[in-house]
Amino acid sequence: MADDKDVLRDVWFGRIPACFTLNQDEETEREAEPYYLLLPRVSYLTLVTDKVKKHFLRVMRAEDVGEMWFEYEGTPLKWHYPIGVLFDLHASNSILPWSITVHFKNFPGQDLLHCMSSSVVEAHFMSSIKEADALKHKSQVVNDMQKKDHKQLWMGLQNDKFEQFWAMNRKLMEYPTEEAGFRYIPFRIYQVNGTHTSTPLILESSQGTEKRYQVVIHGIEPLMETPLQWLSEHLSHPDNFLHICVVPAPSD
Amino acid sequence: MPTSRLWAVDVHGRVYSLSTADQQWEHCRDAEMLFKRVTAAQQCCWGIASDNKIYLNVHACDLHIRFQEETYENQRWNPVGGFSERLLPSDRWQWSDVTGLQHQPPSSFQLPSSSWEWEGDWYVDQNFEGEPTEKEGWTYSIDFPAVYTKDKKWNSCVRRRRWLRHRRYKATDSWAEIPSQKTSLPDPISDISCGGWEITEEPRGLLCLWAVSLQGKVWFREGIYHHNPEGSLWHDISLPGEVVQISCGPGELVWAVLWEGQLIVREGVSRDNHQGTSWSMLDPPSPDVGVMHVAVGVNVVWALTKDNKVWFRRGVNSHNPRGSGWISMVGEMAMINVGLNDQVWAIGSEDRAVYFRQGVTASELSGKTWRAVAALRDGDRPHSSSSSQQSAGCYFSELHPPSALSDVESDTEKGSADEVGCYSAGIESSDQAVSDREPASVAVPQEKCVDEGGDSSTPCVDAVQTGGPVDSQWSNVDLEVPQTQQAQTGNLSDNADTCSLSSVATYTLAMEDNYGVDGHPLWAWVSGGGCSVDSHSQLNWFHSTMGTSLLAQSVQSLSLSVTAAQMATWRRQIFEQLSERTKREVDEFRHYEQAIEQCVWVKKGTMQWWRDWKPHKWIDVHFALEQFSGPEGNKDGILFVYYNYNEEKKYLHAFLNEVTILVPVLNDAKHTFAIYTPERIKKRWPIRVAAATEEEMHDWLALLSASCCDSRGIQGPPSKQAIWSITCKGDIFVSEPTPSLEAMPYPTPCDQMFWRQIGGHLRIVECNSIGIVWGIGYDHNAWVYAGGYGGGFFHGLPTCNDHVYTQTDVKSVYIYENQRWNPVTGYTNRGLPTDRYMWSDASGLHERTKTNTKPPSPQWAWVSEWAIDYGVSGGTDREGWQYAADFPAWYHGHKTMKDFVRRRRWARKCKLTTTGPWQEVPPIQLSDVTVLPCTPDSDVDVVPLWAISNKGDVLCRLGVTALTPAGTSWLHVGMDQPFQSISIGAASQVWAIARDGSAFFRGSVFPQTPAGECWYHAPSPTKQKLKQVSVGRTSVFAVDENGNLWYRKGLTPSYPQGSSWQYVSNNVRKVTVGPFDQVWIIADKVQGSHSLSRGTVCHRLGIHPLEPKGQLWDYGIGGGWDHITVRGNTMEPPPFSLSALADTSAQASGST
């Protein structure tokens, strides 16, 4: 890998192999086969699982079908986190493919947001972008964009079009040459207990003692001296936030 | 941006300079010398030393300051002894100048000062008007004031020859006292200011130096030119009063401050009269408080009144040197200076820090805010003990350090990017009045920041009554003053060497230990005349990094090599981990279904299209790109233009994989580009479209370009074999050659070559096959290719943004003012009805007035006003006019009886700022460059690279390797006349063309003697003046001024100069010969379906060792092309196939 452009591509084209199995409690007409899929790390579960839904609906009766939701080892998966974040947070040390259980009933409304259509994802995605730009450029860039530009960002993500997305997203990644970078770096930090926060948390220095936490972005552990501005420009998710997972180091 | 330096003097008289690339003030050499004031230009710095004498520090440059002395030896023939030095009594001297009027034997030539040295002894010039003479260099004539020929005839009664000797300025990078012969200055000098370098055009390099004596007299130093840096004599300038300080801008502005506080403005400064004609008086901004200091630039004047208030003068320009009104500015300053680009530097009246005025642009000349320069001096140690508290206080010179402090701390802690704005030093006005002329009121430097920082160093600067009436009356800057003060005040500490050089306000510095070495430097004087920054420059002077990181950082900034930054551990780590992640998560699961299916993606927009049918005009069209994934995963697409034709909807389309090039087109009103396919190259009729905004055009160009590259599977930077070319707009294109491009006998047609654009703006580009690529901009700045491929409109697109830097270029736009003579009123702007426009372009066909002439495209912005251009070929009179009998004719520079029309050229500079993978190679400006074309089997480590400076010097670059393509320094190759073109062949054979049109071969160029030893003169083709040359493996081709292409015949290893020039072709503008003797040209007048095209890339076919001149031309992309180089293309053509052999005649087999 020679240059930073490839980082963007690698981030965009990051994929997680997943195996979807239907929850055993679901009533089916015949046995449901598991469904294997490569999920884009930077996308959202409800945006890329139309095929999964179609697959399982074939073995189910229409009256038994509620809102689809996903669960991994007992944890309901929040669709509004990027897929890569869900994986890094909950399953980074498990064997691949990632085994996800599909539910069609008992929607855990206390844990998950409802998502009835992709427009909900779009609204969430666009509001994240706007929030990020508010931090980076006082919203100046995103406000200067036209409706169709916003659409281009969203369509780029929805259709997995790297060029289409980046042709627009690059504007969000620019900053005036006389300044050293963005005003603020938009980021979210996730911890295993499920909370995410936008305030900095102090990581205990791992000098001397055993490393207790891993700081994971896109499934990798960048060195602590990596410049934040660079990280933000290259390892941000399409929603323009750096999503950082702090997970316990594997105990082995 | 090349590095340049800001000069300053601290209160102890030590001179420092600060490089734009650095973070540290560097103590000037000659450290023992103390100075009061300095005034800098880009090439040198003048200073008044403590002995009140003027010293000059010429910055060392690879190109020496070199002056050619000449004298003529005259002889007359007599029947007895033949030619002898015995002349007739009525004749000229035996040794004379060219006119014969001046007696000048070689022994009469003296070095002007001890700063000069002779380069060698006198020698005979053997070049006569581009023709080599006989060995002794004599030229013959019937009698003395006559026409000379190089051949002796039967009636040659006299002869003469020219002797040459060069002297060189040797006192570079040191302070040399300027010679005081002829007129020495009667009294000591107290102020000095240099400028005027924009009054005349390069290469003369005029500099005006104004000096003020202690008695208030003003002197002007005459005759300072590039080749005479010391100037020749002082002129006394009459004055309406006593002057205390003077300032001279880069242009015509000269202002001075009178003793009483008024200002005087010099009028009548012009190209013909550098010192101006008269003064006009101007009252100070406020009636009560006089002016104590003034600083002028090109279009600005700044002044300080005696209460240290800052004033900006509105409406100043060369036509109105007085300006129109004062504006009061924020800040309290002790001294102010205007540097290059009208940027402003000042010294705070209280903290004595150097301030930079931020945000000064051509449209906002008064700038936005003062910002303190926080660089350390090279002697300063970062404070480890006093932590960042003191540093925050001292180095940011804030009047409110606590906030700065907290920002710094929070910054380091959370590492957020919120560091912009924290450091800009705000100056708040205070009531403290400081005056330099009244001994009673003395500035008290308040070191508030240190105080508030709360550490041990308490402010210890006492207010000191300046005593000595005589001394202080004279001068604010006199070394003797402090001593007197010390004696009088008595209670000062025992610092023997305390010598306040305070420039304007007089105060004494006590307890030097607290400030001198460890504290922030106290400055007395600053000069930005040599510091080339503008509002876009990125300077790292304003927040100094403390502690140990300082060293590391300065080291890093010095040696910011590509590989080091690229391969930082963290970056490598990310690269590695990402590819591990791909292996882990994706590689084994590639058979899985993708969650999102790929589909067609369409980008649509509205554009204007230059319609295909007559009458041609712009019509609105819908423009769409449909992109889809090809069978092997590669992308492809189709471009559609939907238009209406007679109410009927129609469209035309182009497959992206057939598009050969996308060319931005110069248009002063529209944002247009042209799309070519091979078919359209043949017709010379592209699809021309115009976008509504520049941004929209760039979006489309970037997307289409990337898509075209995708569809052809081209990515990454250009290969080392790439063919580079440049359009007349300055855009840079590369094409990847294939082996079949030079195949025999059926090469790939040149119209099928795919060209892609690379960011940047150049006039000339030259390369070789190991990836060394150099370019020269329109402003003659040299650039070296840095390895990337983004920049320009690709900015920010996910292309490679590494190695992409800011690039600027400047060029002139010309218009002509035409006039016709009539018997009544003489020359007027009333022409005959049949005449051309009275304001026109060069052809006279198009009207171009000063107001309606726009920059070449919206990307260019004016950076100067219209000015008469005197540098026109043929010469001009003093007002810039050229005369002729009638329009379209030959013009000459003086009026004769037969002339009825005249014209003069006006020039206006415009500037372009873009980005590209280019890094500047300062400081010498070039007009041509050539790199050794390496063949695959050649084994060179250090690559010879030659260049011609824009003054015509031949230069050889040292230290150029594949890893360091910029090389290290220039070696100047001596010659007697200016050159214009140079080329080096694969066997290190160097050919060059002099400005007089003659060709030279450089002998003995070997790795041990990279600059060779001597020039061999190769006469030009009869009656033709050559202008450009290119040397391949063995072939030498040259182009003359009339567009003829010539091949050098008879070159052998033992006789590399060859024997004669053979005509090849006409209508050639430029030639490039590759490492296998491939010949490509830029041709004019190439037939297309619609018109003749100018500037077309053409490839010579049928070249092989027995037919080195080739047979015919194959036409490629054009018109509008200006430059091409194939000198990197070492792609071996495929060997002849049997069928090919059968097709061609037996002679072709010789070339396998």
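**Close-up views of a predicted two-chain model****View 1. Strands E47 and E55 of chain B.** Strand E47 (residues 782-785) and strand E55 of chain B pair in the antiparallel sense over 3 bridges. Strands (E, at least two residues) and helices (H or I, at least four) are DSSP runs, numbered from the N terminus, and two strands pair if DSSP finds at least two bridges between them. Trp783(B) has Glu920(B) in E55(B) as its bridge partner. Both strands belong to an open sheet of 4 strands in chain B, ordered E45-E46-E47-E55 with antiparallel pairing. Its edges are formed by strand E45 (764-767) and strand E55 (918-920) of chain B, each of which pairs on one side only. From one strand to the next, the twist averages 25°; axes are lines fitted to C-alpha atoms, for helices over the stretch in contact, and angles run from 0 to 180 degrees between N-to-C directions.

The model is predicted: local features need pLDDT of at least 70 and side-chain atom pairs count only at pLDDT 80 or more, whereas totals for chains, interfaces and linings use all residues. Residues are numbered from 1 along each chain as its sequence is written, while chains are lettered from A and ligands numbered from 1 in the order in which they are written.

**View 1. Strand E1 of chain B and its two partners.** Because 6 of the 6 residues of strand E1 (residues 5-10) of chain B are buried, this strand is largely enclosed by the rest of the structure. A residue is buried if 20 or more other C-beta atoms lie within 10 Å of its own, exposed if 12 or fewer, and partly exposed in between, with C-beta atoms placed from the backbone. On one side of E1(B) are Arg5(B), Trp7(B) and Val9(B), and on the other Leu6(B), Ala8(B) and Asp10(B), all of them buried. Strand E2 (residues 15-19) of chain B pairs with E1(B) in the antiparallel sense over 5 bridges, and Val15(B) in E2(B) stands opposite Val9(B). The two strands form a hairpin with 4 residues between them, and Gly13(B) in the turn has a positive phi of about 95°. E1(B) also pairs in the antiparallel sense with strand E33 (residues 523-527) of chain B, over 4 bridges. Here Ser527(B) in E33(B) is the bridge partner of Trp7(B).

View 2. Strand E5 (residues 44-49) of chain B is mostly covered, with 6 of its 6 residues buried. Cys44(B), Trp46(B) and Ile48(B) point one way, while Cys45(B), Gly47(B) and Ala49(B) point the other way. Strand E4 (residues 35-40) of chain B pairs with E5(B) in the antiparallel sense over 5 bridges, with Ala40(B) opposite Cys45(B). These two strands form a hairpin with 3 residues between them. Strand E6 (residues 54-58) of chain B runs antiparallel to E5(B) and is joined to it by 5 bridges; in E6(B), Asn57(B) stands opposite Cys45(B). E5(B) and E6(B) form a hairpin with 4 residues between them, and Asn52(B) in the turn has a positive phi of about 65°.

**View 3. Nonpolar cores.** A nonpolar core is a set of buried Ala, Val, Leu, Ile, Met, Phe, Trp, Tyr and Cys residues joined through C-beta atoms within 7 Å. The largest one has 116 residues, and those with the most contacts inside it are Trp946(B), Ala992(B), Val1029(B), Phe1037(B), Ala1038(B) and Ile1081(B). Helix H11 (residues 694-711) of chain B contributes the largest share of this core, 6 residues. Apart from it lies another core, of 105 residues, among them Val15(B), Ile48(B), Met292(B) and Val360(B). Not counting residues up to four places away in sequence, Trp946(B) touches Thr930(B), Val954(B), Leu955(B), Cys956(B), Ile982(B), Ile984(B) and Val990(B); two residues are in contact if their C-beta atoms, placed from the backbone, lie within 7 Å.

**View 4. Helix H9 of chain A.** In helix H9 (residues 228-235) of chain A, Ser232(A), Glu233(A), His234(A) and Leu235(A) are buried. The buried residues of H9(A) pack against helix H1 (4-12) and strand E9 (242-248) of chain A.

**View 5. Confidence along chain B.** The pLDDT, the predictor's confidence in each residue from 0 to 100, averages 79 over chain B, and 80% of the residues score at least 70. Over residues 382-518 of chain B the pLDDT is below 50, and this stretch has 222 contacts in the model beyond near neighbours in sequence. Residues 1140-1152 of chain B also have pLDDT below 50, with 18 such contacts. Where pLDDT is low, the predicted coordinates should not be read in detail. The model scores ipTM 0.87 and pTM 0.67.
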